[in-house]
Amino acid sequence: MAAPPTNGSTIVSTSTLQLDEAKWTTLKKITWRDPAGKERVWESAERVTNGSTTTKAVGILAFLKEEGEKTRIVLERQFRPPVGAMCVEVPAGMLDAGESAEVAAERELKEETGYVGVARKSGNGIGLMYNDPGFTDTSTSLVYVDIDLSDERNKNVQPEREAGEFIEVITPQVDQLEETLAQWEKEGYVIDARLGAFAMGLAAVKHI
């Protein structure tokens, strides 16, 4: 059996995080009343914010377009410690305070991949999507971004990543996305839910 894919990252140790040690997350106890009038308690994990950050994220569906060529999608592979594996995902990031999803999408795309694109309206009318509403209030806006490969700024792209970001950019064809992801999963990669849902939606259209 082949070894799982890696970029050299490894888990050194895992331990229980005390709340007073947590920098980016916190736990909340929510007391709520159900339709029968009974009070119940729910446990939730939430992001910690400051004056310049929000709890909202943006996921970027960025498409490379070139005359005479099939459309490709910009994806990333990077090590994600919570799952202890290399993850295939769409570029993504947190919105800054006062920032729209579209502006954040263009900014994050440039920072993580180097590509300069033009954002379309986010979510195709859906707006915010909640990643795991039974566990957290974290939400994501999916934004479509078109990348013109004839634009000189996209000829020799230079990412502007933060320290600690080790990202591999990959650009598979959109019309082969489901098959490509299935193959990567067989190789040991973990597929991000936003990307997987998008690929399954594309595949579903073929069978409806």
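**Salt bridges, cores and a hairpin in the predicted model**

Glu99 and Arg107 meet through their side chains in a salt bridge, with 2.8 Å from N to O; the term covers a side-chain nitrogen of Lys or Arg within 4 Å of a carboxyl oxygen of Asp or Glu. This is a predicted model, so local features need pLDDT of at least 70 and side-chain atom pairs count only at pLDDT 80 or more, while totals for chains, interfaces and linings use all residues. Residues are numbered from 1 along each chain as its sequence is written, and side-chain values use heavy atoms, with hydrogens and water left out.

Back to that pair: Glu99 is buried at 16% relative accessible area, whereas Arg107 is partly exposed at 21%. Here buried means under 20% relative accessible area, exposed means over 50%, and partly exposed is in between (1.4 Å probe, protein chains only). Arg107 also forms a salt bridge with Glu111, with the closest N and O atoms 3.5 Å apart. These two sit four residues apart in helix H1 (residues 101-113), so about one helical turn separates them. Helices (H or I, at least four residues) and strands (E, at least two) are DSSP runs, numbered from the N terminus. Glu111 is partly exposed, at 22%.

Across the whole structure, the search turns up 15 salt bridges. One of them joins Asp146 to Lys65, the closest N and O atoms being 3.3 Å apart. It ties together distant parts of the chain, as Asp146 lies in strand E10 (residues 139-148) and Lys65 in strand E3, 81 residues apart. Both ends are partly exposed, Asp146 at 23% and Lys65 at 36%.

Now for the nonpolar side. A nonpolar core is a set of buried Ala, Val, Leu, Ile, Met, Phe, Trp, Tyr and Cys residues joined through side-chain atoms within 4.5 Å. The largest has 18 residues, and Ile73, Leu75, Val88 and Leu177 touch the most other members. At least two residues each come from strands E3 (53-65), E5 (75-80) and E6 (85-89) and from helices H2 (177-187) and H3 (193-207). A second, separate core of 16 residues includes Ile60, Ala101, Tyr115 and Ile147.

Finally, the hairpin. Strands E1 (residues 25-33) and E2 (residues 39-47) run antiparallel and are joined by nine bridges; strands pair if DSSP finds at least two bridges between them. Thr31 stands opposite Val41 in E2. Five residues lie between the two strands, and Gly37 in the turn has a positive phi of about 90°.
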